[in-house]
Amino acid sequence: MGKVFICDHPLIQHKLTFIRDETTNTKDFRELVDEVATLMAYEITRDIPLEKTTVKTPVSEAECQIISGRMLGLIPILRAGLGMVDGVLKLIPAAKVGHIGLYRDPETLQPVEYYVKLPTDVTERELIVIDPMLATGGSAIAAIDVLKKRNCTQIKMMNLIASPEGIRAVQEAHPDVDIYVAAIDTYLNEHGYIVPGLGDAGDRLFGTK
């Protein structure tokens with residue numbers, strides 16, 4: 001079963017409080033999400049392997065460590081996932097970015113794929129699927145399905161806030177995928193919103209209703 005990691009660093013939790021606050025304006029909301037994404041990227045890359053190298057300092061040679069050739073890919077789920085990508089790229093500028101677009105069918109309420117654009121070497125990369133909210137888990141499961149159909153095997157999820165229901169759904173559908181979140185909230189309401197949550201992340205990021 002995939003593990004769930006709560007990124008409980010004080011800076012993340014502090015900024016998440018203002019992200020939740022309904023009085024936070026679009027500009028500040030966007031900046032805070034960007035900052036939390038950077039801090040979460042620090043946590044999600046903790047297990048990247050290192051290899052030894054030697055450099056010459058102004059004083060002498062030094063044995064040091066560098067990242068061991070690990071190639072990463074960021075896969076935001078459109079549109080809200082876009083709000084977290086730049087924050088992750090600040091720490092991992094060499095990562096390639098793919099995009100998966102999904103919408104919910106109004107009759108079946110199931111996610112429907114409408115856009116997929118991935119790096120050509122996506123199967124060789126460790127992928128981080130990014131979406132601020134893990135609510136029902138439907139979009140996350142569908143996005144991971146898209147990647148696995150294309151023979152991707154190294155996949156993690158990154159969310160600001162998750163519901164217990166969403167976590168269970170992803171774990172049942174994709175037990176090999178680890179999930180990184182800043183908070184696990186109480187439950188989903190009848191409209192599919194996480195409670196207490198932060199509202200509609202896409203609308204708050206982009207100033208729409």
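This briefing describes strand pairing, cores, pockets and some individual residues of one structure.

The structure is a predicted model, in which local features need pLDDT of at least 70 and side-chain atom pairs count only at pLDDT 80 or more, while totals for chains, interfaces and linings use all residues. Residues are numbered from 1 along each chain as its sequence is written, and side-chain values use heavy atoms, with hydrogens and water left out. Helices (H or I, at least four residues) and strands (E, at least two) are DSSP runs, numbered from the N terminus.

**Strand pairing**

- Two strands pair if DSSP finds at least two bridges between them, and by this rule strand 4 (residues 72–78) and strand 6 (residues 99–104) are parallel partners over two bridges.
- Strand 6 also pairs with strand 7 (residues 111–117), here in the antiparallel sense and over six bridges.
- Glycine 101 of strand 6 stands opposite leucine 78, and its bridge partner in strand 7 is tyrosine 115.

**Nonpolar cores**

- A nonpolar core is a set of buried Ala, Val, Leu, Ile, Met, Phe, Trp, Tyr and Cys residues joined through side-chain atoms within 4.5 Å, where buried means under 20% relative accessible area, exposed over 50% and partly exposed in between, with a 1.4 Å probe and protein chains only.
- The largest nonpolar core has 36 residues, of which Ile19, Met40, Val88, Met158, Leu160 and Leu198 touch the most other members.
- At least two residues of this core come from each of helix 1 (10–20), helix 2 (26–44), strand 4, helix 3 (82–91), strand 8 (126–130), strand 10, strand 11 and helix 6 (201–206), and helix 2 gives the most, with eight residues.
- Contact means heavy atoms within 4.5 Å; leaving aside neighbours within four places in sequence, leucine 198 is in contact with Ile19, Arg20, Phe29, Met133, Leu160, Ile161 and Arg204.
- A second, separate core of 26 residues includes Ile77, Val129, Ile141 and Ala162.

**Helix 5 and buried residues around helix 4**

- In helix 5 (residues 164–173), the residues Gly166, Ile167, Ala169, Val170 and Gln171 are buried, and what covers them includes strand 1 (4–6), strand 9 (133–134), helix 4 (138–149), strand 10 (155–162) and strand 11 (178–184).
- Histidine 174, in the loop between helix 5 and strand 11, counts as buried at 4% relative accessibility, and its contacts, leaving aside neighbours within four places in sequence, are Ile141, Ile144, Asp145 and Lys148.
- Alanine 140 belongs to helix 4 and is buried, with a relative accessible area of 5%; not counting residues up to four places away in sequence, alanine 140 touches Ile77, Leu134, Met157 and Val170.
- The C-alpha atoms of alanine 140 and isoleucine 130 are separated by 8.7 Å, the two residues being ten apart along the chain.

**Pockets**

- On a 1 Å grid over the protein atoms alone, a pocket is an open set of points where a 1.4 Å probe fits, with protein on both sides within 12 Å along at least five of seven lines, and lining residues have an atom within 4 Å of a point.
- Grid points are joined across faces, edges and corners, and a volume is the space filled by probe spheres set on the points; the largest pocket holds about 730 Å³.
- Of the 29 residues that line the largest pocket, Arg104, Asp131, Met133, Ser139 and Asp200 are the closest to its centre, and the elements giving two or more residues to this lining are strand 4, strand 6, strand 7, strand 9, helix 4, strand 10 and helix 6.
- Ala, Val, Leu, Ile, Met, Phe, Trp, Tyr, Cys and Pro count as nonpolar, Asp, Glu, Lys and Arg as charged, and the others, Gly among them, as polar; the lining of the largest pocket has 15 nonpolar, ten polar and four charged residues.
- The second largest pocket holds about 230 Å³, and its lining divides into nine nonpolar residues, one polar and two charged, including Thr45, Arg70 and Arg125.

**Backbone features in loops**

- A cis peptide bond, with omega about 5 degrees, joins leucine 78 and arginine 79, and arginine 79 is placed in the loop between strand 4 and helix 3.
- The peptide bond from valine 195 to proline 196 is also cis, with omega near 0 degrees, and proline 196 is found in the loop between strand 13 (194–195) and helix 6.
- Asparagine 151, in the loop between helix 4 and strand 10, has a phi near 70 degrees, a positive value in a residue other than glycine, and is exposed, with a relative accessible area of 59%.
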